[in-house]
Amino acid sequence: MPGGIIVWRLSQPPDETLAAEYEHAAIRAGQLDSDAESDLMWERLMQLRPDDDRYRFVLAQNLAERDELAEAGRHLEVLTGERGYTPARLWLVQQARLESPKFSLSTEQQVKQLQNAIQEEPQNTEAHRLLAQTYIEREDYRLAEQHLLHATDSHPTLGLLLHELQTRLGRQDPEKSEDYLRNAARGFAQMAVQAPQNAEARICWAQTLDYLGQNEAAEDVLTQAMKSIDSPELRSATAAYLARRAQRLISQSPLNAPVAAEYIARAAAIEPAE
């Protein structure tokens with residue numbers, strides 16, 4: 001979740017007019033880079049509605065964006081402590097997973113925040129997604145699977161990861177697995193359309209199609225992407241895929257050797273060092 005001013009839709013309490021005036025003033029001051037005035041308005045909103053954590057969260061994000069980390073951290077301690085505000089917990093974990101986070105968290109601290117978020121909002125798919133990724137990094141695959149199952153409906157591309165995880169655990173339901181993969185393939189295809197230079201989306205799309213047995217389609221995704229995307233990862237993935245196709249052909253029959261040799265030659269032309 002990016003820092004900066006966030007516009008919230010507010011409910012309609014008796015102090016609606018005053019709250020609306022403060023919020024408008026806070027946003028306006030932020031747009032004019034009047035940080036002190038903006039902070040003051042968010043603080044007044046916090047005083048006006050002390051049980052509404054949204055205002056404290058906006059203020060904490062704005063302070064963090066300006067690298068006023070001590071003050072931002074003070075507000076985040078309130079938001080992510082015993083009282084708990086789920087969006088703040090997720091933001092804290094998301095930024096901690098960046099290369100240069102504002103606030104560092106150990107893996108255990110990330111897990112704790114995400115577990116608390118799920119306790120507060122059991123159906124929060126983003127919390128389940130992040131916790132699944134954290135468990136995978138810890139190689140706790142069974143727990144990761146539980147949370148991926150909660151997250152795939154809202155994040156269909158996670159179906160690829162869920163398929164690989166269940167394969168590793170040896171507990172696939174073929175029909176459900178195919179559904180996960182089909183939904184994931186559609187998700188990656190959409191990502192590729194929206195971001196034509198996204199090499200990772202093409203690689204994952206091809207991998208998903210390959211799992212579905214659509215080998216020609218997978219190869220086409222990679223080879224077409226090679227024409228417009230200059231990416232070492234894409235070149236490596238394409239060469240590896242062509243090599244795997246050659247291996248499969250040979251394993252099926254020695255008579256496939258000439259075709260397999262063509263695949264190896266194509267792979268070597270893409271990545272000679274490999």
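**Reading the buried parts**

Reply: Gladly, and please keep in mind that this is a predicted model. The buried residues of α5 are T86, A88, R89, L90, W91, L92, V93, Q95 and A96.

Me: Why is helix α5 said to be largely enclosed by the rest of the structure, and what covers its buried residues?

Reply: Nine of the eleven residues of this helix, which spans residues 86-96, are buried, so α5 is largely enclosed by the rest of the structure. The cover over those buried residues includes α3, α4 (69-79), α6 (107-120) and α7 (125-137).

Me: Which residues touch the most other members of the largest nonpolar core?

Reply: In soluble globular proteins, nonpolar side chains tend to be buried together. Here the largest nonpolar core has 44 residues, of which W42, L76, L79, W91 and F103 touch the most other members; helix α3 (residues 53-65) gives the most to this core, with seven residues. Leaving aside residues up to four places away in sequence, F103 touches A64, L69, A72, G73, L76, W91, L92, Q95 and A96. Another core, of 17 residues, lies apart from the largest one and has A199, A206, A218 and Y241 among its members.

Me: How far from E271 is the nearest side chain of opposite charge?

Reply: A salt bridge requires the charged atoms to be within 4 Å. E271, in the segment after α14 (257-270), is buried yet has no salt bridge, the nearest side chain of opposite charge, R235, being 4.7 Å away. A polar atom of the E271 side chain does lie 3.4 Å from the backbone nitrogen of S236, and, not counting residues up to four places away in sequence, E271 touches P232, R235, S236 and A239.

Notes: Residues numbered from 1 in each chain as written. Predicted model: local features only at pLDDT ≥ 70, side-chain atom pairs only at ≥ 80, totals over all residues. Heavy atoms only, no water. Core = buried A, V, L, I, M, F, W, Y, C linked by side-chain atoms within 4.5 Å. Buried < 20%, exposed > 50% of the residue type's maximum accessible area, 1.4 Å probe, protein only. Helix = DSSP H or I, 4+ residues; strand = E, 2+ residues; numbered from the N terminus. Contact = heavy atoms within 4.5 Å. Lys, Arg positive; Asp, Glu negative; His and termini not counted. Polar contact = N/O pair within 3.5 Å; in protein donor to acceptor, adjacent residues only side chain to side chain.
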